[in-house]
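Good morning, and thank you for making time for this presentation. I would ask you to keep the sequence and the structure in view while I speak.

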Amino acid sequence: MVIERIRTILGRNRRREKPAPVPLERGVIPWLLAVALATSLPHAEHLPLWLTLIFSTLLIGRTWLWQRNARLPARWLLALIAITGTAGIAWHYRTLFGRDAGVALLVFFMALKPLELHARRDGLVIVMLGFFLLLTHYFHSQSIPTGLWLFATTILLTATLIRMNGGGPSPRRILGDAATLVAQALPLMLVFFLFFPRVQGPLWGLPRDAHAGLTGLSDRMSPGSLNQLIQSGEIAFRAQFTSPLPARSQLYWRGPVLDLYDGLTWRANPRNALRSANKPAAVEILRPNFADYTLTLEPHNQRWLLALDLPISFPEGTGLWPTFETLAREPVRYRTRYSFRSALDHAANRDETPRMRTQSLRLPANLNPRTRQLAREWQETLGDPERISAAALRFFRDEKFFYTLQPPLLGEHAIDEFLFDSRRGFCEHYAAAYVVLMRAAGIPARVVTGYQGGEINPIDGYLTVRQSDAHAWAEIWLEGRGWTRVDPTAAVAPSRIERGIGAALPAGDPLPALVRVDGDWLRRLQQLRHRWEAANNAWNQWVIGYNPQRQREVLSRIGMKSPDWRMMSLALAAGSTLILAFVAIGMLCRRTKAPADQRAWLDLCRALERHGIHRLPWEGPFALAERVCREHPELSEITKEAAGCYATLRYGETNSPEHLRALQNCTKRLASRRRKTR
Amino acid sequence: MSFRERFARWLFRLGRDEHLPVVLTRRRIFILPTGAGILYAIVLVVMLIGAINYNLSLGHALVFLLAGIGLVGMVHTFRNLLELQLHPGRAEPVFSGETAYFQLHLDNARLLPRYALEFSIGRNGGVLCDVPPEEQTVVAVPFATTRRGRIDPGRITLASRYPLGLFRVWSYPHPPLSCLVYPRPIETPFPPASPASQSGGTTGITGQEDFSGLRQHQSNDSPRHIAWKAVARDIEHRPLLVKQFDGGAVEELWLDWSLTPEAADVEKRLSLLAGWVVRAEREHRRYGLRLPGRSIPPCSGTTHRSVCLEALALYGD
């Protein structure tokens, strides 16, 4: 008000009158509500319950208002709800700027906006918000079902835009039109997807919660930690071998090496990371027995890459650490492909530093006296490290040890209790007990975690390694042989190594159904699962995993020699123009075809025009013929005949093809006559 | 003509369409993104940056699909006007200050329907209409009149945002349209009967007061005088009959230019005359109109009214 007055005084009140906002049709509102629901619904899984409840309350309330055709709530009430909700989100996430808090805010405003729908502009805001929310679904999943759901939702959003811009009231027709539009846009999407020069993200720092909720191995092992991982059927990585597949008993995928033990937890020594403190890893190839393979690693937000024991050539940006783990420079946050070559028959660090060797002997004092006692006895009677190791394995095999994923809880002297009392456990127990025995007997030893085995998918030939293949084994350092792998679990349950965990467990032990192998219908189910996973893998490799590197690969395969961004932009522009031209031609040139007789008559008129005779708009065939008789007697015969034919075709009772042919013949004669006179 | 105007004439190919029907060829259809379209583009760019930042390959795909939809939508918007045919129609006469409606006959010879075509003239409000495939429709475009005479509304703005509202396509067809606009009537009491206006007044055969009989209906008779009772008695066989009246104060009213105040300007005087005509017709009087250089003998009925009003509308042309 005041500003207005000041403007008047200053003579600046020349603001052009804005046209009144276009009001929103009542029929559009259900569409917008559907958009709000469809774009927010999949987020419910990841949002706090209270927000989901508020969302549904607001949306149901809005639907009720629409049905009653009631007035919308006042602005102050909306402002109050908005402030309360925002404060709630800020309190819940402790911030407003993270990824998850941002998504929660978007969803909240998506529920709020329908309560102030007045103009078409407000509807547009909802649709744009919907587009954003669609994108945020991909934070959680980029699977095939998500893709399909979002495709359907895109059709809904397009239909809503059509409805808002005068598409008429029939939902069926609008959805049909939207589907047509989206179908026509698909080839464009393909060209863009293929040729748009990809940039490897991130462009700037991501919020801290960007990679929450990724599962995988950890750099510590306490009782039960591996157990939880094994219950998961999730895929850890896939491997594609270009060399023959090694025997299953050689498929040890190396993860973090744990060499610090405090009586409860095994830890990776962070100081191992300091290269200067240790001798770099040295792998000697004993026999030329190599495996060449490419891993497609699911993101686990850690740096280790799970190469096969032991890698000798690495992709760029990765390297072997003193404890023989392959590490990437950055934590793996995206599904990534790595190509390795591993030597299966190798010797590792024959000349290990004394520092590392003493570190691998350390045990907490005053714990596990019985175990130490046993180890000391072996050391005295057997002496030779290899024979001590064999004795330990024999001990596991001959005494009554059981392989089970549900071991009893262990007390302070965990290893003592396991070795002499409970004797029930799985890989982490056996590996830990073995390493403690070896260390007590004076042999450098450490725990290695990782995955063991995997499953070949017969559909696409990829080896699938799941979290349930997580495994822990041991390594001892022997004079002259270096670090040697020993898997004590194999002594107890050889089938765990030979056939996988499903075979090793006694019946009745709970395990994810996916891992079990018995039963006919289960086998059929497994077949189905193989198919589904092969499809998923193809999707991951070609759609999700389409990054700059993959793009170069694909483009050079289809004939672009050195695809740089200039070439790609060129291809992009050319391809999209071509497709758009096709779509346009298909649409713009769809006209009705005149009946054959009419076309023939128009052809004749055109031929007459070349003789300088223009048919007047109101002239019928006979009137034209008469005029031609008067003005161009030399053409009168042909024109008369043609007029007769056309009149018969048009107004006669029968539809005779002879007359049509005669008419076309007249046109030809007219044309040839023109050529002669020339 | 200013440079700007000339530029617009060249760019938009303005000018009256001589050939009928007016066909909207592709060279006279123009297209630009709307505010919503620009917002859409910004949203897509932000989404693309998000997709790159989080390495969302499907995010790329979504952005590309939406971009494709926008581009295809542009072609659809263009198609919505292409090759539409317009035939000018008639427009009912109106009084100055009222809204005239210019009819346009739309002919869609294509196989695809055209939706949400928005017709408007100048700054007047628009009107929306759809044309189904291979059909014709009539649309009445409003135009607020401000002066009397035979007016030409000028070019029509034909626009459409269908289907997505991201692009606006428009064209300026200029078919020959015209509408007769009567002067705005100012109703005042009738002028005092001057000697001239009395001529023959008392000898009139028909009047308004006494019922004198029935006669057959003629096209110009007021519907009030139809003998509805008589008609109802035998609706099948009888012709429409009209009650005739006699005698009384039968008076022929001469609405004379010279009776209007000379001090007033031409338009005011015409408005006064128009007001008298409207009033005389409403009161079923017989009236004649006398303008400088033209005289319309007394009569009554809607046709007579139109003749008089037209004479007023076109006065001085």
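Let me begin with a term: helices and strands here are DSSP runs, a helix having at least four residues and a strand at least two, and they are numbered from the N terminus. Phe324(A), for instance, sits in the loop between strand S9 (318–320) and strand S10 (326–328) of chain A. Please bear in mind that this is a predicted model.

I shall stay with Phe324(A) for a moment. Its phi is positive, about 70 degrees, although the residue is not a glycine. Is Phe324(A) buried or exposed? Phe324(A) is buried, because 21 other C-beta atoms lie within 10 Å and the cut-off for a buried residue is 20 or more. Asn349(A) is another non-glycine residue with a positive phi, in this case about 45 degrees. Asn349(A) is in the loop between strand S12 (346–348) and helix H10 (354–359) of chain A. With 21 C-beta neighbours inside 10 Å, Asn349(A) counts as buried.

I turn now to the cis peptide bonds. In chain A, Asp309(A) and Leu310(A) are joined by a cis peptide bond, with omega about -15 degrees. Leu310(A) belongs to the loop between strand S7 (290–297) and strand S8 (311–313) of chain A. In chain B, the bond from Tyr162(B) to Pro163(B) is cis, with omega near 0 degrees. Pro163(B) is found in the loop between strand S10 (157–160) and strand S11 (167–171) of chain B.

Chain A contains 24 helices and 19 strands. Of its 678 residues, 35% are buried. Among the contacts in chain A between residues at least 6 apart in sequence, 72% join residues at least 24 apart. Chain B has six helices and 17 strands, and 34% of its 317 residues count as buried. In chain B, residues 24 or more positions apart account for 68% of the contacts with a separation of 6 or more.

How is chain A divided into domains? The assignment gives domain 1 (26–169), domain 2 (229–351), domain 3 (356–449 + 471–513) and domain 4 (596–677). The C-alpha centres of domain 1 and domain 3 of chain A are 56 Å apart. One residue of interest is Gln373(A), which lies in helix H11 (residues 369–382) of chain A. Gln373(A) counts as exposed, because it has 12 C-beta neighbours inside 10 Å. From Gln373(A) to Phe290(A) the separation is 83 residues in sequence and 42 Å in space, C-alpha to C-alpha.

Two helix pairs in chain A deserve attention. Two packed helices are described by the angle between their axes and the distance between the axes. Helix H3 (residues 49–68) and helix H5 (residues 99–112) of chain A pack at about 20 degrees, with their axes 8 Å apart. H3(A) is therefore roughly parallel to H5(A), and the crossing of H3(A) and H5(A) is left-handed. Leu51(A), Ile54(A), Phe55(A), Leu58(A) and Leu59(A) in H3(A) meet Ala104(A), Val107(A), Phe108(A), Ala111(A) and Leu112(A) in H5(A). By class, this contact has 10 nonpolar, no polar and no charged residues.

For the second pair, the axes of helix H21 (residues 596–610) and helix H23 (residues 636–651) of chain A come within 10 Å and cross at roughly 160 degrees. H21(A) and H23(A) are therefore roughly antiparallel, and their crossing is left-handed. From H21(A), Asp597(A), Trp601(A) and Leu604(A) meet Ala642(A), Tyr646(A), Leu649(A) and Arg650(A) of H23(A). The residues of this contact divide into five nonpolar, no polar and two charged.

I come lastly to interfaces. Chain B is divided into domain 1 (7–182) and domain 2 (196–313), and five residues of domain 1 contact six residues of domain 2. Strand S12 (residues 179–182) of chain B gives the most to the domain 1 side, with three residues.

Between the chains, 49 residues of chain A are in contact with 45 residues of chain B. Which helix gives the most to the side of chain A that touches chain B? That helix is H8(A), with nine residues. By class, the side of chain A that touches chain B has 34 nonpolar, 12 polar and three charged residues.

Conventions
Residues are numbered from 1 along each chain as its sequence is written. Chains are lettered from A and ligands numbered from 1 in the order in which they are written. This is a predicted model: local features need pLDDT of at least 70, side-chain atom pairs count only at pLDDT 80 or more; totals for chains, interfaces and linings use all residues. Domain bounds come from an automatic or database domain assignment. Axes are lines fitted to C-alpha atoms, for helices over the stretch in contact, and angles run from 0 to 180 degrees between N-to-C directions. Angles under 35 degrees count as roughly parallel, over 145 as roughly antiparallel, 65 to 115 as roughly perpendicular and the rest as oblique. A crossing is left-handed if the near helix is turned anticlockwise from the far one by less than a right angle, and right-handed if clockwise. Two residues are in contact if their C-beta atoms, placed from the backbone, lie within 7 Å. Ala, Val, Leu, Ile, Met, Phe, Trp, Tyr, Cys and Pro count as nonpolar, Asp, Glu, Lys and Arg as charged, and the others, Gly among them, as polar.
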